[in-house]
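Good morning, and thank you for coming.

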Amino acid sequence: MYGYHGKYLRINLTEGTCKVENLDLELAKKWVGGRGLGTKFFVDEVDPLVDALSPENKLIAVTGPMTGTTAPTGGRYMVVTKSPLTGTIASSNSGGYWGAELKFAGYDMIIVEGKSDKPVYVMIEDEKVEIRDASHVWGKVTSDTTRTLMKEIPEKSRVMTIGPAGEKQSLMAAVMNEESRAAGRSGVGAVMGSKNLKAVTVRGTKKVAVANEEELKEVIKTCNTKIRENGVTGQGLPAYGTAVLVNIINENGAFPVNNFQSSQFPGAENISGELLAEKYLVKKDPCYRCPIACGRYTKVDDIEGGGPEYETIWAFGGDCGVDDMGAIIKANYWCNEMGLDTISTGTTIAAAMELNQKGLLKDENLGGVPLEFGSAEAIVEWTKKIGMREGLGDKMADGSYRLCDAFGVPELSMSVKKQELPAYDPRGIQGQGLSYATSNRGGCHVRGYMISPEILGLPEKLDRFALEDKAPWTKIFQDFTAFIDSSGLCLFTSFAMGAPDYAAMFNAIVGAELDGNGVLEAGERIYNLERVFNLAAGITPAEDTLPKRLLEDEIPEGPSKGLVNQLSKMLPEYYELRGWGTDGVPSKERKDQLGL
Amino acid sequence: MEVKIRLFATLREGRGKVLSKDFEAGVTPGLIIEDLGIPEEEVAILLVNGRDGDLEQALEDGDVVSIFPPVGGG
Ligand code: SF4
């Protein structure tokens, strides 16, 4: 078997058992790996109506065929489960080194089932797999857990863990690895916490066999040249990280401010990628075999660590009205330590700030900590309180939708399917709005990054205000992304690489005969499987929508002034292209075509 | 007439962040980048008053031109 080991681990925490099972190669190829393969297993094994925080939910950590190979950025893995935040299928991607290490240990994925009656962690060292007591690290933050475990596990192990937020089942809890890399979104950390599983450590010494070494060398050479020569992956991301987007999105007047009340931030320059590079950057912090190295390692006062990313800077910065980069770095640090998703945490604080602004929090326990837009203290202190579920932080830990709903104003939650929207105002970027509304895991930018054509002009420039052509572009981006998320490579390679490049890489590694269209078809199959699961889980097509504010309230000022998102004019065409019928349900013909 | 030019990322090196300059009527973003010694292929995103701009468009007094090299993220 090439690309895959053909083996995975099934860990049952109720029974306390670890079994090695065989992976069917044809099934693996059809669903690629990562997001696709994990979703296929999940859908086949779990009732879509399962309570996401019950022992009956499963958590799958799954690599792709390119993970652990010599392919550039081939270190990624996916955490697939049912999301307690959205009720949809969740698949959260992470970089770093853990995914590659799992592959070195000889496994394509691990499936975690049941629930332990006390805190445990799983230690993997090649064939040796043990469920161990974790009571001594329960309650510890990410860095402390990682460093404590490192003393009792094989040298050079990689540690994936949850922080206090995951233990306390915050619906915004992330799964962390290498201390600052996160499978961040959709509350996957809460599922781990609900199983009393604190960490999974892994050390491996095996190589991943590939079908054609010579061919792979050639393909990698071609792709590395493309990555190096592309302005974004060769210059922009290495020099500034993702934070370089702050000024770009803000200049376009699509950088949401104060919980999307306006969309151009006067303090943008103070939280820009340029400033981060000038004042706070210590070094780059790349993932496994990554020639792009967008990861940042920063320091402020006595705090240092990985990040912050663009989305994080926006969530705690513009969206909370804060123009203090030092405070943002600290808030990001505490998200990593608590094991919290930075997007949902920052934007939930922003939503709470709006509740406060509207006078709805008068009777709440704020513990003397400010909760006003613009407060640098607020973003740091509320992050900690959310992580520990203290005071109002307890309600905030379940995300902005449940928070705002508790005060009778769910419309103040800037979320889709209860997951918080990221850093692009879809009123000023129409196609991104369609992509948000139809994302299979709720509010998310990396399920179909329409910013690429609408703002960055990659692979070609679309008019961001126009409605025509947005449906087909969104569909293609979504399908393409589903494949990349399944392959084991980082999505950022797609700034430089096209579908035929991924096909060539897949073929050389797995020994298949896929072409560019095959890449998109495999992605479409995955997208539809997720959709079918969501429908069965009770997520109706009526939820393919955006917050009322973004559909009805015009952007008050700046270059996108006067605009709302015109979703209803794009959605019917999108459904039609997807073969989903006017009711948004995949037709039998399309499902048959895709082999579902 | 006066045009404000905002530069970002690597384009700032040796040029600064914001420049306000007097130009003859009819000046275009194309002429401005030539004046600043920025090679055309280094201009990936060009905005005039925050909206998609064109290298050949005639600018007006008070316009703000934002210029980015190839950068991106997500
Ligand atoms: S581009 Fe950035 S996120 Fe992607 S693999 Fe490289 S360092 Fe990690």
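**The sheet of chain B**

As to terms, helices (H or I, at least four residues) and strands (E, at least two) are DSSP runs numbered from the N terminus, and two strands pair if DSSP finds at least two bridges between them. Strands of a sheet pair through backbone hydrogen bonds, either parallel or antiparallel. Within this sheet, strand β1 (residues 2–7) and strand β5 (residues 64–68) of chain B pair in the parallel sense over 4 bridges. B:Leu7 has B:Ile67 as its bridge partner in β5(B).

A word on conventions: this is a predicted model, in which local features need pLDDT of at least 70 and side-chain atom pairs count only at pLDDT 80 or more, while totals for chains, interfaces and linings use all residues. Residues are numbered from 1 along each chain as its sequence is written, chains are lettered from A and ligands numbered from 1 in the order in which they are written, and side-chain values use heavy atoms, with hydrogens and water left out.

**The sheets of chain A**

In chain A, an open sheet of 6 strands has the order β2-β1-β6-β3-β4-β5, again with mixed pairing. Here β2 (17–22) and β5 (89–94) of chain A stand at the edges with a single partner strand each, so one side of each lacks a neighbour in the sheet. From one strand to the next, the twist averages 20 degrees; axes are lines fitted to C-alpha atoms, for helices over the stretch in contact, and angles run from 0 to 180 degrees between N-to-C directions.

Strand β4 (residues 77–82) of chain A pairs with β5(A) in the antiparallel sense over 6 bridges. In this pairing, A:Val80 stands opposite A:Ser91 of β5(A). Helix α2 (residues 34–45) of chain A packs on the sheet and touches β1 (7–12), β3 (59–63), β4, β5 and β6 (109–113) of chain A, contact meaning heavy atoms within 4.5 Å. The direction of α2 makes about 25 degrees with that of β4(A).

Further along chain A, strand β9 (residues 158–161) is joined by 4 bridges to strand β12 (residues 197–203), and the two run antiparallel. β9(A) also pairs in the antiparallel sense with strand β10 (residues 175–177) of chain A, over 2 bridges. A:Met160 stands opposite A:Val200 in β12(A), and the bridge partner of A:Met160 in β10(A) is A:Asn177.

**The ligand**

Which residues surround the ligand? Among them are A:Thr73, A:Arg76, A:Arg181, A:Cys287, A:Cys290, A:Cys294, A:Cys490 and A:Phe492, a residue being near if one of its heavy atoms lies within 4 Å. The shell around the ligand divides into 8 nonpolar, 2 polar and 2 charged residues.

**Backbone details**

Two cis peptide bonds deserve a look. One joins A:Gly307 and A:Pro308, with omega about 0 degrees; A:Pro308 lies in the loop between β15 (303–306) and α11 (310–316) of chain A. Another runs from A:Leu458 to A:Pro459, with omega near -5 degrees, and A:Pro459 is placed in the loop between α18 (451–456) and α19 (470–487) of chain A.

Finally, A:Arg389 has a positive phi, near 55 degrees, although the residue is not glycine. A:Arg389 belongs to the loop between α14 (376–388) and α15 (393–396) of chain A.

Notes
Ala, Val, Leu, Ile, Met, Phe, Trp, Tyr, Cys and Pro count as nonpolar, Asp, Glu, Lys and Arg as charged, and the others, Gly among them, as polar.
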